[in-house]
Amino acid sequence: MKKGLLIIYSGPSGVGKSTILSKVLKEKDLNLAFSVSMTTRKPRDGEKDGKDYFFVEKEEFEKAIENDEFLEYASYVDNYYGTPKAYVDSKRSKGKNVILEIDVQGGLQVIEKCPDAISLFIEPPSIEILKNRLIGRGTDEISVIEKRLKQVKREIKTAKSYKYHIINDDLDKAVNEVIEIIKKEMN
Ligand code: 5GP
């Protein structure tokens, strides 16, 4: 059986990447499996353990680092986030195209370790528009938003080595672009 693709999917917080991805994941032809990350961040309203993330304490995360359980991990706005290796390997060996929704620091680690990975970066039309979206979402305090915006500017700079850049100024258009890229890479 042909091994599945490894797809790195990143973009600044609030850029709409989760909304795009939830639509892309519904495309059955793409044969995708979403990699559930481990994090020390607290769950937001509606998030489920084992589905959105595996929510753990710092000690448990650090133990997983010691045991070399991660394909990559990074520290992002005071929390750890990491991709458990076992899930990715088992799905890919079954022919599934595994998608990693991870930040740029993690993405660059995977690009380095796995040269066959494909990388997609979702960009906001502008920083101003992104700021308004984050405020509108109302899930984070303004101090956290300011911190995240600084991070966004850094992320866009660092993501230059990603293969595909998609600007999310229109949701359906962005969804279609992502679908077409994956289809092209599958062939
Ligand atoms: P959030 O707290 O908004 O869910 O995620 C914050 C950032 O961490 C997002 O950019 C998200 O893509 C990223 N992230 C989620 N899981 C992982 C992971 O396993 N590794 C890395 N490096 N980043 C992750």
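**Asn 31.** I started with Asn 31, which I found in the loop between α1 and β2 (32–34). This is a predicted model, so I read every value here as computed from predicted coordinates. The phi of Asn 31 is positive, about 55°, and yet the residue is not a glycine. Is Asn 31 buried, partly exposed or exposed? I looked up its relative accessibility and got 33%, so Asn 31 counts as partly exposed.

**Asp 68.** Next I went to Asp 68, another non-glycine with a positive phi of about 55°. I placed Asp 68 in the loop between α2 (58–66) and β5.

**Pro 12.** Then I turned to a proline, Pro 12, in the loop between β1 (6–10) and α1 (17–24). Buried or exposed? With a relative accessible area of 1%, Pro 12 is buried; the cut-off for that word is under 20%. I also checked Pro 12 against Lys 23: they are 11 residues apart in sequence, and their C-alpha atoms are 18 Å apart in space.

Which residues come nearest to it? I counted 16 residues around the ligand, and Ser 37, Arg 41, Tyr 53, Tyr 81 and Asp 103 come nearest. Sorting the shell by type gave me 5 nonpolar, 4 polar and 7 charged residues.

**Polar atoms at the ligand.** I went through some atom pairs next. An N or O atom in the side chain of Arg 41 lies 2.6 Å from an oxygen atom of the ligand. For Asp 103, I noted 2.7 Å between an N or O atom of the side chain and a nitrogen atom of the ligand. With Thr 83 it is the backbone that takes part: one of its polar backbone atoms is 3.4 Å from a ligand oxygen. How much of the ligand does the protein cover? On its own the ligand has 520 Å² of accessible area, and the protein covers 95% of that.

**The pocket.** Last, I looked at the space itself. The ligand takes up the largest pocket. Which elements give two or more residues to the shell around the ligand? I wrote down β5 (70–76) and β6 (79–84).

Key:
Residues are numbered from 1 along each chain as its sequence is written. This is a predicted model: local features need pLDDT of at least 70, side-chain atom pairs count only at pLDDT 80 or more; totals for chains, interfaces and linings use all residues. Side-chain values use heavy atoms; hydrogens and water are left out. A residue is near a molecule or strand if one of its heavy atoms lies within 4 Å of it. A polar contact is a pair of N or O atoms within 3.5 Å; within protein, one must be able to donate a hydrogen and the other to accept it, and residues adjacent in sequence count only if both atoms are side-chain atoms. Accessible areas come from the Shrake-Rupley method with a 1.4 Å probe; for residues, only the protein chains shown count as cover. On a 1 Å grid over the protein atoms alone, a cavity is a set of points where a 1.4 Å probe fits but cannot get out, and a pocket is an open set with protein on both sides within 12 Å along at least five of seven lines; lining residues have an atom within 4 Å of a point. A molecule sits in a cavity or pocket if more than half of its atoms lie within 2 Å of its grid points. Helices (H or I, at least four residues) and strands (E, at least two) are DSSP runs, numbered from the N terminus. Ala, Val, Leu, Ile, Met, Phe, Trp, Tyr, Cys and Pro count as nonpolar, Asp, Glu, Lys and Arg as charged, and the others, Gly among them, as polar. Buried means under 20% relative accessible area, exposed over 50%, partly exposed in between (1.4 Å probe, protein chains only).
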